[in-house]
Amino acid sequence: MTIYQNLIAGEWVGSDATKNINPSDTNEVVGLYADGTAEDTRNAIAAAKAAFPAWSRSGIWERHVILKKAGDEIMARKDELGALLAREEGKTLPEAIGETIRASQIFEFFAGEALRLAGEVIPSVRPNIGVEITRDPLGVIGIITPWNFPIAIPAWKIAPALCYGNTIVFKPAELVPGCSWAIVDILHRAGLPKGVLNLVMGKGSLVGQAMLDSPDVTGITFTGSTGTGRRVASASIEHNRKFQLEMGGKNPMVVLDDADLAVAVEAAANSGFFSTGQRCTASSRLIVTEGIHDKFVAALTEKLKTLVVDNAMKTGTHIGPVVDEKQLKTDTDYIEIGRKEGAKLAFGGELITRETPGFYLQPTLFTEATNQMRISREEIFGPVVSLIRVKDYEEALATANDTPFGLSAGIATTSLKHATHFKRNSEAGMVMVNLPTAGVDFHVPFGGRKGSSYGPREQGKYAAEFYTSVKTAYTLA
Ligand code: NDP
């Protein structure tokens, strides 16, 4: 079997490899992907550092052309790359193709942004002096990504890093190297100069840690768990390095008495359970007022009965498998915790056997949960949702905000007054009205507050805040 190698200084290298296993069919090896070392990482950092001066001064047309070519190729290959994504991560084929299209759109967006780089010219408060404000690239950016969006998250970090003139060392999650390898291959063939984009696949404890330990990495953009995020933060402060963290969530969706029941059920089912609940923006807490509670539970339970859990590649599957055995154990441990804490298991909770051996779990709904239970406070990252009954809107808002996280929050209501109040008073970075808490646009800022995020927002033109450093220059006329 071919080994998909690491790209360091423009050369494909590496002979040791790890198997990429399909969670829908654990007999299937998706591919063999290089197992990078700390030394590979140091070589990649050195290559990125050497490539930086030339790339930081490259023309914006060159950057535009490369980013555009990448976006076009990803779109042209959306079915093939979507299938690779579904096979390595386990989200359903339509979800995976959708994510691939989004990755293409992100490259197209930043291809456009490359042509719109601008600064400001401002008069000085002193006579005969001009002031210019410009944005310089940061330098070598370390990119560390999680397994749950194998193509979109790498795209939304790599595209702006290149657009603003940075060079890159990229380490994808060990579980899903396939899509990352494909993006890097596409950009390499699109004409990126040697060393501008380096790929080091391998373990977080080796490759990721070597990036954290290097004084030559001038910025790190990280998406992943809170625990690893804290390591990125403390190592980065030690090196006086800029960093950006996107971490976990425990996103609430409030359902008020006046909600359109069908809209509320669709939003809750989608954001709680689609992509197997493995989205940082998933609604894992449903906060429901008394008047609609019983009707909503009955309708959501009926909906859950219709959702098909099966092989991600099979037509008709709504929910694919959990990503791996370790995450499956986390999910089932939390289901046991929920039972012991006294929440009522209203639906699911059981492992499922399918034609192909995989990590299949029923969508699981706990009712009669409280907001103090562990299943309502800690991120599970699986298809497990707690439903909390509250008296009225005021209690719903207070419960929604009573969490260490603050990524996304939703409300289902037909009241303009409550929707407006919720948008103003939610403590989350993203607020959805009558929409799932997951599912965002690619051209506007993405990010959260409190324990969910740290540093500037990602995506859209706000991405410049992280990938550049502002310079103020004064000139005597
Ligand atoms: P992890 O924190 O385990 O891993 C994230 C990345 O960090 C992986 O590439 C991992 O490598 C790497 N890593 C692990 N150890 C180190 C280390 N010591 N130094 C540097 N890098 C390291 O998270 P998961 O991959 O398990 O992702 C799931 C988590 O991500 C969830 O908590 C979820 O909420 C969060 N997430 C947040 C999002 C957001 O935007 N807020 C979006 C998506 C996910 P390896 O996998 O090879 O060990």
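Q: Okay, axes here are lines fitted to C-alpha atoms, for helices over the stretch in contact, and angles run from 0 to 180 degrees between N-to-C directions. What angle do helix α1 and helix α7 pack at?

A: Quick heads-up: this is a predicted model, where local features need pLDDT of at least 70, side-chain atom pairs count only at pLDDT 80 or more, and totals for chains, interfaces and linings use all residues. Residues are numbered from 1 along each chain as its sequence is written, and side-chain values use heavy atoms, with hydrogens and water left out. Helices (H or I, at least four residues) and strands (E, at least two) are DSSP runs, numbered from the N terminus. Helix α1 (residues 38-56) and helix α7 (residues 204-213) pack at about 40 degrees, and their axes are 8 Å apart.

Q: Which residues make the contact?

A: From α1 you get A38, T41 and I45, and from α7 L206, V207, A210 and M211; contact means heavy atoms within 4.5 Å.

Q: What about α3 and α6, how do their axes cross?

A: The axes of helix α3 (residues 78-89) and helix α6 (residues 177-189) come within 8 Å and cross at roughly 150 degrees. That is why α3 and α6 count as roughly antiparallel (under 35 degrees is roughly parallel, over 145 roughly antiparallel, 65 to 115 roughly perpendicular, the rest oblique). L81, L84, L85 and E88 of α3 meet P177, G178, C179, A182 and I186 of α6.

Q: New topic: which residue does UniProt list as "active site"?

A: The unreviewed UniProt entry lists E246. UniProt positions use the numbering used here, feature names are shortened, and annotations may be inferred rather than shown by experiment.

Q: Where does E246 sit, and is E246 buried or exposed?

A: E246 is in strand β12 (residues 242-246). With 3% relative accessibility, E246 counts as buried (buried is under 20% relative accessible area, exposed over 50%, partly exposed in between, with a 1.4 Å probe and protein chains only).

Q: What is E246 in contact with?

A: Skipping neighbours within four places in sequence, the contacts of E246 include F222, T223, L407, F446 and E458.

Q: And L261, where is that found?

A: L261 belongs to helix α9 (residues 261-273). L261 is partly exposed, with a relative accessible area of 28%. Not counting residues up to four places away in sequence, L261 touches I292, K295, F296 and A299.

Q: How many residues apart along the chain are L261 and A412?

A: They are 151 residues apart along the chain, and the C-alpha atoms of L261 and A412 are separated by 8.6 Å.
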